[in-house]
Amino acid sequence: MSFVKVNHVKKQYQTKFSATTVQALKDVHFEVEKGEFISIMGESGSGKSTLLNILATLDVATEGEVLLDGKDLANIPEGKLAAFRRDHLGFVFQDFNLLDTFTVRDNIYLPLVLAKQKLSIMEERIKPLAKQLAIEELLEKHPFELSGGQKQRVAIARALITQPEIVLADEPTGALDSKNSEEVLEMFERINAEGQTLLMVTHSALAASRSSRVLFIKDGRVFHQLYRAGKSHEE
Ligand code: ADP
Ligand code: ADP
């Protein structure tokens, strides 16, 4: 059984001021194995955000299903969605979404604080993470004191501290220059090498080239896949 299964997903939007509909996803079908690092590329309007929102349980497919570890995301009751996201998914954003009034340490702890986790668990988990992401020296600083690359490494630590099944990253290098992007991509490769499953939406071919597989989406469909090893096949 695949870790993530996107099973013939379609998504139709009702537009606001007219009776017309937009078919944002037409028949998206792919599977992700545990430990893969997937990139999703496509032009603006191709359906990337829609797909990411469905995987993030922020939206539901109109047809088809999305399974995470065998669990159909559409079956999670509304009241349990926030907890599900917190316990099973990690999020990394383009603009970091760090809170400037808290220290780096407290930013990283925040998801566990919200989950009412014990401080001893937080302390235990932050150590190896801070080492892995090379942010040990930054823990008592505040986000506004950091470079973009450092901020994103902190955001990755925050995403990982809940030990999520999958990390969903939305344009994680979109706000970074090439040096800082490189720094962040290296960390993604590193955490993936440790077994973390990752799915990243990106406009950057350079960023995508660091993943194990790239899915190209166009007009609501996956039209091509590239494998890092050089294998390629048509959908
Ligand atoms: P918000 O973050 O407040 O939802 P959005 O800009 O995402 O703001 O969307 C506001 C509303 O506009 C949505 O609920 C949707 O109905 C509509 N909308 C958003 N994007 C599009 C689009 N590309 N085409 C048509 N309608 C859209
Ligand atoms: P991308 O992230 O690749 O730019 P999106 O998933 O945002 O693409 O959009 C795919 C299509 O769905 C576009 O045609 C967009 O206009 C439309 N769309 C996205 N969100 C909404 C919405 N809330 N309401 C109506 N149409 C939307």
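Which element gives the most to the lining of the largest pocket? In this predicted model, that element is S6, which contributes 4 residues to the lining.

## The largest pocket

The largest pocket has a volume of about 490 Å³, and its lining consists of 21 residues, among which Leu89, Gly90, Phe91, Phe93 and Arg158 lie nearest the centre of the pocket. By class, this lining divides into 13 nonpolar, 4 polar and 4 charged residues.

Several elements take part in the lining of the largest pocket, each with at least two residues: the helices H1, H2 (81–88), H3 (104–114) and H5 (148–160), together with the strands S6 (89–92) and S7 (166–170).

## The second largest pocket

The second largest pocket has a volume of about 270 Å³. Its lining is made up of Arg125, Pro128, Leu129, Gln132, Leu160, Ile161, Gln163, Pro164, Ile191, Glu194, Gly195 and Gln196, and helix H4, which spans residues 119–132, gives the most to this lining, with 4 residues. Sorted by class, the residues lining the second largest pocket comprise 6 nonpolar, 4 polar and 2 charged.

The shell around ligand 2 is formed by Tyr13, Val22, Ala24, Glu43, Ser44, Gly45, Ser46, Gly47, Lys48, Ser49 and Thr50, which divide into 3 nonpolar, 6 polar and 2 charged residues. Strand S2 (21–32) and helix H1 (48–55) each supply at least two residues of this shell, and H1 gives the most, with 3 residues. Helix H1 also supplies at least two residues of the lining of the largest pocket.

On its own, ligand 2 has 560 Å² of accessible area, of which the protein covers 62%.

## Lys179 in helix H6

Lys179 lies in helix H6, which runs over residues 178–193. Is this residue buried or exposed? With a relative accessible area of 59%, Lys179 is exposed, because the value is over the 50% that this class requires.

Relative to Asn97, Lys179 is 82 residues away in sequence, and the C-alpha atoms of the two residues are 20 Å apart in space.

Notes
Residues numbered from 1 in each chain as written. Chains lettered and ligands numbered in written order. Predicted model: local features only at pLDDT ≥ 70, side-chain atom pairs only at ≥ 80, totals over all residues. Heavy atoms only, no water. Near = heavy atom within 4 Å. Areas by Shrake-Rupley, 256 points an atom, 1.4 Å probe, with all protein chains shown as cover. Nonpolar A, V, L, I, M, F, W, Y, C, P; charged D, E, K, R; others polar. Buried < 20%, exposed > 50% of the residue type's maximum accessible area, 1.4 Å probe, protein only. 1 Å grid on protein atoms, 1.4 Å probe; cavity = no way out; pocket = protein on both sides within 12 Å on 5 of 7 lines; lining within 4 Å. Points joined across faces, edges and corners; volume = space filled by probe spheres on them.
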